[in-house]
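Please view the sequence and the model together while reading.

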Amino acid sequence: MRKLFIVVVLGLICSAKVEAKKIKGKILFQDDTIEVIFNIPIKFFSQEPNYERLQYKVKYYNQSGKKVVIRPDDAEEIRFKYQSKEIRMLSLYNTLGLGNIFSISSNIFLKLEIDGNLKLFNYYYTQQAPGMYSASTGMVTGGYSYSVEKYILQKGNGKLKRTKGLTFKNDMISYFSDCPELVTKIENKEFRKKDIQSIVMYYNSNCK
């Protein structure tokens with residue numbers, strides 16, 4: 001049992017471990033754009049950027065080679081390319097109260113998935129799973145954490161909208177009341193929760 005516990009602990013440490021890579025990119029301000037070298041945190045196993053961390057602050061090197069921290073309240077957007085894909089994270093007023101209690105910004109960087117009059121973003125957070133009690137041993141195994149992605153919508157420059165789970169259909173019917181054609185497709189189950197990207201693209205192409 002002790003060996004199993006050690007393996008679990010080591011797995012959790014590795015999953016939480018990140019490295020950082022120097023990546024060229026841009027910071028967009030209201031009246032200016034600067035090219036910088038970002039210090040992007042990369043997850044150990046997936047080798048993907050740690051977007052959850054980037055939502056609250058981003059580090060880059062200035063002309064003197066000194067690390068500088070920029071937060072969502074300081075800029076409108078950050079951009080960089082990773083594995084040939086352009087990553088855009090927009091600074092948005094956090095109307096949903098997303099994030100942790102340690103965030104000092106009123107805005108949050110959200111990763112843009114689809115641009116247009118209706119935007120689709122990904123919000124990243126860590127979910128905690130409790131430990132499990134074993135009646136045979138009388139012991140509790142340690143809990144663990146895992147990363148979760150959640151879709152966020154925004155019409156124009158309006159408030160952010162979090163997609164819901166169990167009430168997705170009724171929620172989206174209400175949210176898209178300005179587009180009867182889309183509402184009909186949702187009512188007829190042509191579009192379901194798994195089709196959120198198609199819903200956004202349909203709205204941008206067919207709804208005014």
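At 7% relative accessibility, T163 counts as buried; here buried means under 20% relative accessible area, exposed means over 50%, and partly exposed covers the range in between, with a 1.4 Å probe and protein chains only. The structure is a predicted model, in which local features need pLDDT of at least 70 and side-chain atom pairs count only at pLDDT 80 or more, while totals for chains, interfaces and linings use all residues. Residues are numbered from 1 along each chain as its sequence is written, and side-chain values use heavy atoms, with hydrogens and water left out.

T163 is located in the loop between β12 (160-162) and α3 (168-175). Helices (H or I, at least four residues) and strands (E, at least two) are DSSP runs, numbered from the N terminus. The T163 side chain makes a polar contact with the backbone oxygen of Y151 at 3.4 Å. Such a contact is a pair of N or O atoms within 3.5 Å; within protein, one must be able to donate a hydrogen and the other to accept it, and residues adjacent in sequence count only if both atoms are side-chain atoms. Between T163 and Y175, which are twelve residues apart along the chain, the C-alpha separation is 10.0 Å.

## Aromatic pairs

Rings of Phe, Tyr and Trp (its six-membered ring) pair if their centres lie within 6.5 Å; planes under 30 degrees apart count as stacked, over 60 as edge-to-face and the rest as tilted. By this rule there are seven aromatic pairs. The pair of Y123 and Y125 is stacked, because the ring centres are 5.5 Å apart and the planes meet at 20°. Y123 is buried, since its relative accessibility is 6%, whereas Y125 is partly exposed at 23%.

Y175 and F176 form an edge-to-face pair, with 5.1 Å from centre to centre and 70° between the planes. Both residues are buried: Y175 has a relative accessible area of 15%, and F176 has one of 0%. Ring pairs join Y175, F176 and Y203 into a cluster.

## Charges over rings

A charge sits over a ring if NZ of Lys or CZ of Arg is within 6 Å of the ring centre and within 35 degrees of the ring normal. K22 lies over the face of Y61, at 4.9 Å from the ring centre. K111 is placed over the face of Y51, with 5.2 Å to the ring centre.

## The second largest pocket

On a 1 Å grid over the protein atoms alone, a pocket is an open set of points where a 1.4 Å probe fits, with protein on both sides within 12 Å along at least five of seven lines; lining residues have an atom within 4 Å of a point. Grid points are joined across faces, edges and corners, and a volume is the space filled by probe spheres set on the points. The second largest pocket holds about 280 Å³ of space. It is lined by 16 residues, of which E48, P49, Y51, Y124 and E149 are the closest to its centre.

At least two lining residues come from each of α2, β6 (85-93), β7 (107-114) and β11 (144-155). The lining contains five nonpolar, four polar and seven charged residues, where Ala, Val, Leu, Ile, Met, Phe, Trp, Tyr, Cys and Pro count as nonpolar, Asp, Glu, Lys and Arg as charged, and the others, Gly among them, as polar.

## Residues in loops

Q47 lies in the loop between β2 (33-43) and α2 (51-54). Although Q47 is not a glycine, its phi is positive, at about 60°, and the residue is partly exposed at 24% relative accessibility. F44 belongs to the loop between β2 and α2 and is partly exposed at 34%. F44 and A20 are 24 residues apart in sequence, and their C-alpha atoms are 9.8 Å apart in space.

K189, in the loop between α4 (180-187) and α5 (196-206), has a positive phi near 65° and is a residue other than glycine. With a relative accessible area of 46%, K189 is partly exposed. N157 is found in the loop between β11 and β12 and is exposed, with a relative accessible area of 80%. N157 and K119 are 38 residues apart in sequence, with 9.5 Å between their C-alpha atoms.
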